[in-house]
Amino acid sequence: MSITESVMRNVKLKGGLLDFNDDTREFTVIVTSEVVDSQGEIVDWESIQAVLPKIKERGYAVNYAHFGVYVGHSVDIWESTFGEVMKEYPETVSTLRRYKPDIRCLVGKNKIHKGAEIDDIAWEELKSGKINGVSFGGTFKELNKISCDGLTCGKVITTDRALFELALTGEGIGTNGIGI
């Protein structure tokens with residue numbers, strides 16, 4: 001595979017909310033690189049696996065939309081599949097049923113901070129459903145390759161950096177605000 005674009009650029013992995021705990025202000029999300037996102041791209045899974053140890057070591061910021069407003073942090077992140085996630089969260093991932101259960105994904109547990117007004121706004125919007133999706137962003141390179149997720153096809157991109165953020169999105173909040 002040849003790299004057709006050597007300039008690094010941002011891209012967002014498609015994701016959605018799985019659950020939240022009001023007592024601890026923790027919430028769980030699913031993000032996948034193997035489903036074509038709103039930009040018509042699929043992130044190369046092997047490149048995600050290659051940087052995952054660094055993501056686990058360093059963690060990532062939880063931001064209110066893609067505005068860089070820091071409201072929380074990662075607690076843990078691990079690999080899974082849509083099939084495994086559907087078994088654990090059957091009521092919250094009904095839209096995953098349109099995809100094959102062997103599609104690989106990342107599941108992340110995160111925490112919203114307390115103390116700043118924007119933290120409380122983000123948490124209340126997450127609980128109310130105004131925040132109904134997430135976008136896992138990072139820096140990627142475009143490859144000269146096309147891949148399909150079973151529903152649609154997109155350009156394949158790869159990453160070699162562990163610089164990521166999880167942006168909370170929803171209607172009127174940033175972009176790409178629709179969960180999986």
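The largest nonpolar core has 25 residues, among which Phe 27, Phe 136, Leu 166 and Leu 168 touch the most other members. A nonpolar core here is a set of buried Ala, Val, Leu, Ile, Met, Phe, Trp, Tyr and Cys residues joined through side-chain atoms within 4.5 Å. Buried means under 20% relative accessible area, exposed over 50%, and partly exposed in between (1.4 Å probe, protein chains only). Elements that give two or more residues to this core include strand E2, helix H1 (45–58), strand E7 (131–148) and strand E9 (165–170). H1 supplies the largest share, five residues. A second, separate core of 10 residues includes Leu 18, Val 85, Ile 103 and Cys 105.

The model is predicted: local features need pLDDT of at least 70, side-chain atom pairs count only at pLDDT 80 or more, and totals for chains, interfaces and linings use all residues. Residues are numbered from 1 along each chain as its sequence is written, and side-chain values use heavy atoms, with hydrogens and water left out.

The protein has three helices and nine strands, in the order β-β-β-α-β-β-α-β-α-β-β-β along the sequence. Helices (H or I, at least four residues) and strands (E, at least two) are DSSP runs, numbered from the N terminus. Of the 180 residues, 49% count as buried.

Strand E2 (residues 26–32) has six of its seven residues buried. E2 pairs with E6 in the antiparallel sense over six bridges; pairing requires at least two DSSP bridges between two strands. Glu 26 stands opposite Lys 111 in E6.

Asn 110 lies in E6 (residues 104–112). Asn 110 counts as buried because its relative accessibility is 0%. Its side chain is involved in the following atom pairs.

| Partner of the Asn 110 side chain | Distance |
|---|---|
| Tyr 60, side chain (polar contact) | 2.6 Å |

Leaving aside neighbours within four places in sequence, Asn 110 is in contact (heavy atoms within 4.5 Å) with residues including Glu 26, Phe 27, Tyr 60, His 73 and Leu 166.

The average pLDDT, the predictor's confidence in each residue from 0 to 100, is 75, and 68% of the residues score at least 70. Residues 1–11 have pLDDT below 50, as do residues 174–180. Where pLDDT is low, the predicted coordinates should not be read in detail.

Definitions and conventions. Polar contact = N/O pair within 3.5 Å; in protein donor to acceptor, adjacent residues only side chain to side chain.
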